[in-house]
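I opened this notebook to keep track of what I looked up, one entry for each topic.

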Amino acid sequence: MTDKLIIFDTTLRDGEQSPGASMTKDEKIRIAKALEKLRVDVIEAGFPIASQGDFEAVQAVANVIKDSTVCGLARALDKDIDRAAEAVKGANSTRIHTFIATSPIHMQEKLRMSPEQVLEQAIRSVKRARQYTDNVEFSPEDAGRSDTDFLCRIIEAVIDAGAGTINIPDTVGYTLPAHFGQLIAELRSRIPNSDKAIFSVHCHNDLGLAVANSLAAVINGARQVECTINGLGERAGNAALEEVVMAVRTRQDVFPCHTELDTTQIVNCSRLVSSITGFPVQPNKAIVGANAFAHEAGIHQDGVLKHRQTYEIMRAEDVGWRANRMVLGKHSGRNAFRNHLQEMGIDLNSEEELNAAFARFKALADKKHEIYDDDLQAIVSDTLTTEHEQLKLVALKVCSETGETPHANITLSMNDGTEKSVAASGSGPVDATFKAIETLVNSESNLLVYSVNNVTDGTDAIGEVGVRLEKDGRIVNGQGADTDIVIASAKAYLNALNKIFTPLDRKHPQIMP
Ligand code: KIV
Ligand code: ZN
């Protein structure tokens, strides 16, 4: 049996630091449950000191997750560590992840601290975290640009102080695979107590090398990889979980380790994260892109038909791709609906949510005769997204006629519970609808992105609309789904506005107070 490679998922923390990817508590719980089904070893649920909302989300995840370890991030500050400990304490297995920057540029320009002060604060923080849990992880932030001698000193000291996992972050995605692999090998061989800790890596994708760097580290002895679903994360993102896991599994001739993930849950997780954050997955994305297992050129198809392995190194079903089955119809009942969602890995939290999703399903079945898995995924996601919104679409009538200016009449349920109606015209029906909404809401936000995708084939398909808004430097994404794309557009715009109107007073982990 080879070593186990620990998979530490940070979709809910670093992934959420992606502009526009912020998630509500309920959304985080849904993703955490999907990650638990995927059997990730550690879920980094957030940065509890960031805000009261972040604290409550981490606490809620800790209270529902049973099998994975739940981790909270903390800067190397007493108040952060105390807050992280409080947030994760309900979990069966807890971890505190504390970090401080060690590169010359970060120590001088950001922290304004000497290396000796950084060393002292790191030791103190690990000791404090150990008062709450035996499972403490320490990261020297920007390790990729830190001095190796200093890394050796600080890592030796924090292992002595009780850190069981040492995570080496390439915070700015600067390193190259050969050098990063070499760095891990050197740290492991030079640090006298390195055998007392598990070495981990956390790579950003600024040069498109996050997965390659992580794998080079694994070959050189790292036994934990920090990664995110779909590679979500700050700037260009983090190492994509699905790519790391499938590389290790597919190239067992190279990797002296294995993961214990249920890889058949990968596609479900990818879709869920994409639909909650509004970050679409590009079609040619490895493992989870729509074309990842599609063969177009005749010669490839011929080869695959004769012998699958001529052009396939993995099986689509091993990562959870299934034929997009026609599953339910107009006469399907509530139980069939519930069972089918469970089979798809979709767990609803309450009977209320089930009823709301079932009502949407019935309405859809009246319009569209064949309902597919992807339709269900879209309506469930849409139902759960709009359920707790304050600003809601009540009615919409649009008129679009050759030679005439399109106009829209809209009624919204406002934040104070009253209903208001207005009419507006625009260059097209969507433009008229957005202008009508703005007349009522007056958000003064800028529309950065508007996109429409059909969920299944055919003109009767559900359209999924994505909207990205910016206001005072803050970016939010909104989604909406409906067979009528103007209605889907209105919902997506309202979804984004609901987020813009939710005050956000949160600290960023990489900014010191
Ligand atoms: O990229 C980074 O350095 C981080 C740390 C908090 C581990 O996200
Ligand atoms: Zn990071």
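**Entry 1, the ligand.** I began with Gln-510 in this predicted model, and found that an N or O atom of the Gln-510 side chain is 3.4 Å from an oxygen atom of ligand 1. The protein covers 100% of the 260 Å² of accessible area that ligand 1 has on its own.

I searched the whole structure for salt bridges and noted 37. Side chains of opposite charge can pair when their charged atoms come close. Which of the pairs I looked up are buried, and which are exposed? Asp-80 and Arg-75 meet through their side chains at 2.7 Å, N to O, and both of these residues are buried. Asp-195 and Lys-196 also form a salt bridge, with 3.8 Å between the closest N and O atoms, but here both Asp-195 and Lys-196 are exposed.

I next followed Glu-116, which forms a salt bridge with Arg-153, the closest N and O atoms being 3.1 Å apart. This pair links distant parts of the chain, since Glu-116 sits in helix H5 (residues 115–130) and Arg-153 in helix H6 (residues 148–161), 37 residues apart. Glu-116 counts as partly exposed because its relative accessibility is 43%, and Arg-153, at 40% relative accessibility, therefore counts as partly exposed too.

Where does Ser-68 lie? I located Ser-68 in the loop between helix H2 (52–64) and strand E4 (69–75). Why does Ser-68 count as buried? Its relative accessibility is 1%, so Ser-68 falls in the buried class, for which the cut-off is under 20%. A polar atom of the Ser-68 side chain lies 2.9 Å from the backbone oxygen of Val-40. Leaving aside neighbours within four places in sequence, I listed the residues in contact with Ser-68 as Glu-36, Val-40, Asp-41, Ile-43 and Ser-93.

Conventions:
Residues numbered from 1 in each chain as written. Chains lettered and ligands numbered in written order. Predicted model: local features only at pLDDT ≥ 70, side-chain atom pairs only at ≥ 80, totals over all residues. Heavy atoms only, no water. Salt bridge = Lys/Arg side-chain N within 4 Å of Asp/Glu carboxyl O. Buried < 20%, exposed > 50% of the residue type's maximum accessible area, 1.4 Å probe, protein only. Helix = DSSP H or I, 4+ residues; strand = E, 2+ residues; numbered from the N terminus. Polar contact = N/O pair within 3.5 Å; in protein donor to acceptor, adjacent residues only side chain to side chain. Contact = heavy atoms within 4.5 Å. Areas by Shrake-Rupley, 256 points an atom, 1.4 Å probe, with all protein chains shown as cover.
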